[in-house]
Amino acid sequence: LLYCALLGVEKIFLHPIHRLQNTKYAQKAQDFGHKVYLIAGLLLLSIIAMYLALLFKKQVKRRVKQLSKREQQLNQIINLVPHLIYVADADGNILLANETASNYFGMSVAEFEGSNVVELSKKFKRFEKLLEKNNSIQSQDKSISKEINTRDSDGKEHTLYLSKMPYIGSSRSLNPIVTVAVDITDVKQFQEKIKFMDQHDALTKLPNRILLKDRICLLYTSP
């Protein structure tokens, strides 16, 4: 396209100039023709650059739309999980959270994702065990799992099985930490109920011989 346009400019402006070689205006006409030639070339280059810029912008918009759709799908998936899930970066800023986690802290998802775990643990002491940072997870790519007792935003006590692990797929120098907390309160209560039934009489609720035997064995084994 550029080549054809320049040929057209040459035929229109430069051919008449060659016929003026023997006149006193030949040099001026030739300079004018070269300027027109240059301007036409620059104009065409600018048009091509604008077209490429629009094409690039369109591709960027399409890519952003795809990423937004994937983010929405990811949020839908983690919101279906009945466990607490959130991701925090090396500075403690919460990058991603599901509805179960935000509801546990008494916040909306948008509020919780804009929070910092260090500031939240200072503000709400009951969340310290759930929000505590462990630098060894980031520096050594280690995972930890443990049971903790904590209270939710309504003051109800829960037993949670807490797991923290680094997000290995991240391109950051220090990996974000993925936290998953499973509420095992009902399981622990059921275990305690089974243990009580095993060690107490069903009618009188008094300790039975199994509990007595356990206590005697504990006394003999303890220092």
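Modeller: Let's begin with a definition: a residue is buried under 20% relative accessible area, exposed over 50%, and partly exposed in between (1.4 Å probe, protein chains only). Glu-128, at a relative accessible area of 38%, is therefore partly exposed. Please keep in mind that this is a predicted model, where local features need pLDDT of at least 70 and side-chain atom pairs count only at pLDDT 80 or more, while totals for chains, interfaces and linings use all residues. Residues are numbered from 1 along each chain as its sequence is written, and side-chain values use heavy atoms, with hydrogens and water left out.

Colleague: Thanks! How many salt bridges does the rule give here?

Modeller: The rule asks for a side-chain nitrogen of Lys or Arg within 4 Å of a carboxyl oxygen of Asp or Glu. The count is four salt bridges. One of them joins Lys-125 to Glu-128, with 3.7 Å from N to O. Lys-125 is exposed, at 55%.

Colleague: Where in the fold do Lys-146 and Glu-132 lie?

Modeller: Their side chains form a salt bridge at 2.4 Å, N to O. Lys-146 belongs to strand 3 (residues 144-151) and Glu-132 to the loop between helix 6 (128-131) and helix 7 (135-140), so the pair ties together parts that are 14 residues apart in sequence. As for the terms, helices (H or I, at least four residues) and strands (E, at least two) are DSSP runs, numbered from the N terminus. Lys-146 is partly exposed at 32%, and Glu-132 is partly exposed at 35%.

Colleague: And Glu-157 with Arg-151: what is the N to O distance?

Modeller: That salt bridge has 3.6 Å from N to O. Glu-157 has a relative accessible area of 43%, which makes this residue partly exposed; Arg-151, at 39%, is partly exposed too.

Colleague: Now the surface: which residues form a nonpolar patch?

Modeller: In general, patches take residues with over 30% relative accessible area and no salt bridge, joining like charges within 9 Å and nonpolar side chains (Val, Leu, Ile, Met, Phe, Trp, Tyr) within 5 Å. Here the patch consists of Leu-38, Leu-42, Leu-45, Ile-48, Tyr-51, Leu-52 and Leu-55, with about 690 Å² of accessible area together. Tyr-51 sits in helix 2 (residues 26-80) and is exposed at 55%. Accessible areas come from the Shrake-Rupley method with a 1.4 Å probe; for residues, only the protein chains shown count as cover.

Colleague: Is Gly-114 buried or exposed?

Modeller: Gly-114 is exposed, at 66% relative accessibility, and lies in the loop between helix 4 (109-113) and helix 5 (117-123).
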